[in-house]
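Visitor: Hi, could you walk me through this one?
Guide: Happy to, let's open it up.

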Amino acid sequence: MPIINFEFAIQEIPAVLKGVPITLAIAVVAMVFGLIFGLLIALCRIYRVPILNRLFIIYISFIRGTPLLVQLYVFFYGVPVLLDKMNQSFGTAYNADHISPLLYAFIAFTINVSAYQAEIMRASLNAVQIGQMEAAHSVGMTTFQALKRIVLPQAFLVALPNLGNTFIGLIKATSLAFAVKVVEVMALAKIIANDGYHFLEMYLVAALIYWLICWLLEVLFTFVEEKMRNKEIKQKKMNTTISKDLPLRV
Amino acid sequence: MSVMNDWFSLFIQVLDKLPITLFMLLISLVCSLVLGVAIAIVRIKRFTVLYQIATFYLSFCRSTPLLVQLFLVYFGLPQLLLAFQIDINSLDRMIFVLISLSLHNAAYLSEVVRSAYLAVGEDQFEAAYSVGMTYTQALWRVVLPQAFVLSLPNLGNNIIELLKDTSLAFTIGIIDIMGQVRIILGNNHGIGMFEIYVVISLIYWGTCILIEMVISTLEKVLKKGKVSLSKS
Amino acid sequence: MILLKHIHKKFKNNHVLKGIDLEVSKGDVVTIIGPSGSGKTTLLRCVNYLEKPDEGIISINDLTIQTKKPVKKDILQLRRRTAMVFQHYNLFENKTVLENVTEGLIIAQKKSKKMAREIGVDILTKVGLADKINAYPQQLSGGQKQRVGIARALALNPDVLLFDEPTSALDPEMVGEVLEIIREIASGGVTMMIVTHEIDFACEVSNRVVFMDDGQIIEQGPPDDILIHPKQERTRKFLKRIMKEPDFTI
């Protein structure tokens, strides 16, 4: 008996690959919306919007202090309960069974990412020197204009490496979606593996697929980072005096 | 007040299995620390062959989901070892979980250790040498104590991630706080999955907050009297 | 006409401004001198509301701000009538030199891009940076950066130009070129308020010198009066420390 049935593994690769689009879909949706919400939350935190500031501190602590799997389950089981209560109170007739599991995954992953992104964006925004905002104010811009034109673009440059890491982490995290019945890479690998006890083969296939995707993404992000850094290096060729633009108080 | 009683008894039932979760956390933390330090040393000193193996191992652990690694160890390892006539099917499930968690976490811990070591800097070694210490003395008395304090925030994050990683153990049958969902469902009338997972999430959250408090207290105690980079 | 009345400012327990009254008429060039911690920069930053006074009134011509009940629109108006040159330049890092100058014109003053560009190029030529209009701040020397900062402020044609220690961050060899430009602006009749350590320069360009110490104005008057015949003991002590010892030649 051969240790690993390579033939079988290779033969089943296409079947497992069918889950890749779903994996990517979850990651992309969560990344995009998580980034938007994360940015809004970060701004609320930085400008200490009353009530919302405290709320978001608790929100971020909760999301980061509980496992993603648990969050997935909370949504998966919580939404039908919520809908039932809504049906009772408002006489609506929403049926939780009609909701695709994918939607639960989208929501739960987005909420999860937004908490982490909020912290990343908060750090990036703080890293942009306060002098930039002051200069923008002093030429008469409103805070909104200053953020949009001067501060946010610089904050994104600072945040870029972290964004890459977050996305790669997301790809791996999508493997948990099978617990709420989403048919992505992990789910497919499991189904095929259980069918004939080909565990080693199928999970190796799954591992290789994830490894390949993450490797490609890392190459992509490093390439983008290098391009940005080269642009910066060219601009910094004649940099002389002080690099920190902190206003001194007298 | 029967609603309060329900929730209270739910908490008690979930907390009953918290020791199992903490057991997984502690054991895999210790094992991954040992392994992580070893890998960090290999990476710092760049012992050729081992360095290649370490890089390969790190890439694998960080580019594949923990779930896949867990399944590979639990389902795949016995299959692999069977070919060498080693039958590990009778081993307690917990061992597989601990192996998988330790291997996975060691990859991340090695980076925590390595960056803390590098952050202390060559200057400290040079100063130690100049008063006559050997490498080992310098390491133990000057560098490692500083590296440990520097690593605390990252170490704290690592421990918290490890705690959350343990939530996957139930998929291979471990009865920790996640694993006993079926049991609780059977015992409680009218309590649904949603309530159970709310309680579970609160317990994870509480434990994480406790860990954070311990780490920050440790940081404060160890940093007493030392100048830090930020203004207080 | 700029009027500051009963200005108080506290930073936590530190009472930095202890009831300042100051009047600046059109065309005045007022230099504020004093030891570190006297509050001179804080006072200057109150004029364009980068620091929010705890008490007092700030008014520029017909615009008045009650600091106990500041109106947001008024603060914006205030900032659109003033312009500041910062100690650490605070140029917009993600914009070119020309864009730095035109940002305020286009966004805050709502000028057309074409007109803003014309004004920008004109002023940048006047400060000697015509060949650098498409460069980024990171490519410039300290003196060049500060000249851009001055151009940016000048282009806005403000009621008053505020200079916060404009040469303190510069290497000695670049101080001269920046002072030269400030000198030219002063001779052109623009209302200016300058905080500086360059006492000789202050003497040259200003028609009034204000000496501050420990949050209060100790005395003010024409440069010759203050610097050669100071009335107050504190003023004398400060000047003794700052001024060079006279050369005794035999």
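Guide: Across the interface of chain B and chain A, the rule finds zero salt bridges. Keep in mind that this is a predicted model.

Visitor: How many residue pairs are in polar contact across the interface of chain B and chain A?
Guide: Six residue pairs, with both partners at pLDDT 80 or more.

Visitor: And which helices of chain B supply residues to the side that touches chain A?
Guide: α3 (48-63), α4 (66-82), α7 (135-165) and α9 (193-222) of chain B each give at least two residues to that side. The largest share comes from α9(B), with ten residues.

Visitor: What classes of residue are on that side of chain B?
Guide: The side of chain B that touches chain A has 24 nonpolar residues, along with seven polar and three charged ones.

Visitor: OK, what area is buried between chain B and chain A?
Guide: About 3,100 Å², and carbon and sulfur atoms give 77% of that. On the chain B side, B:Gln79, B:Phe194 and B:Trp205 lose the most area to chain A, together 19% of what that side buries.

Visitor: How many residues does the contact take from each chain?
Guide: Chain B brings 34 residues and chain A brings 33 residues.

Visitor: Switching topic: which chains share the most contacts?
Guide: Chains A and C do, out of the two pairs of chains in contact.

Visitor: And where does that leave chain B and chain C, how far apart are their closest C-alpha atoms?
Guide: Those atoms lie 14 Å apart, and no contact joins chain B and chain C.

Definitions and conventions. Residues are numbered from 1 along each chain as its sequence is written. Chains are lettered from A and ligands numbered from 1 in the order in which they are written. This is a predicted model: local features need pLDDT of at least 70, side-chain atom pairs count only at pLDDT 80 or more; totals for chains, interfaces and linings use all residues. Side-chain values use heavy atoms; hydrogens and water are left out. Contact means heavy atoms within 4.5 Å. Buried area is the accessible area (1.4 Å probe) that two parts lose on being put together, summed over both. A salt bridge is a side-chain nitrogen of Lys or Arg within 4 Å of a carboxyl oxygen of Asp or Glu. A polar contact is a pair of N or O atoms within 3.5 Å; within protein, one must be able to donate a hydrogen and the other to accept it, and residues adjacent in sequence count only if both atoms are side-chain atoms. Helices (H or I, at least four residues) and strands (E, at least two) are DSSP runs, numbered from the N terminus. Ala, Val, Leu, Ile, Met, Phe, Trp, Tyr, Cys and Pro count as nonpolar, Asp, Glu, Lys and Arg as charged, and the others, Gly among them, as polar.
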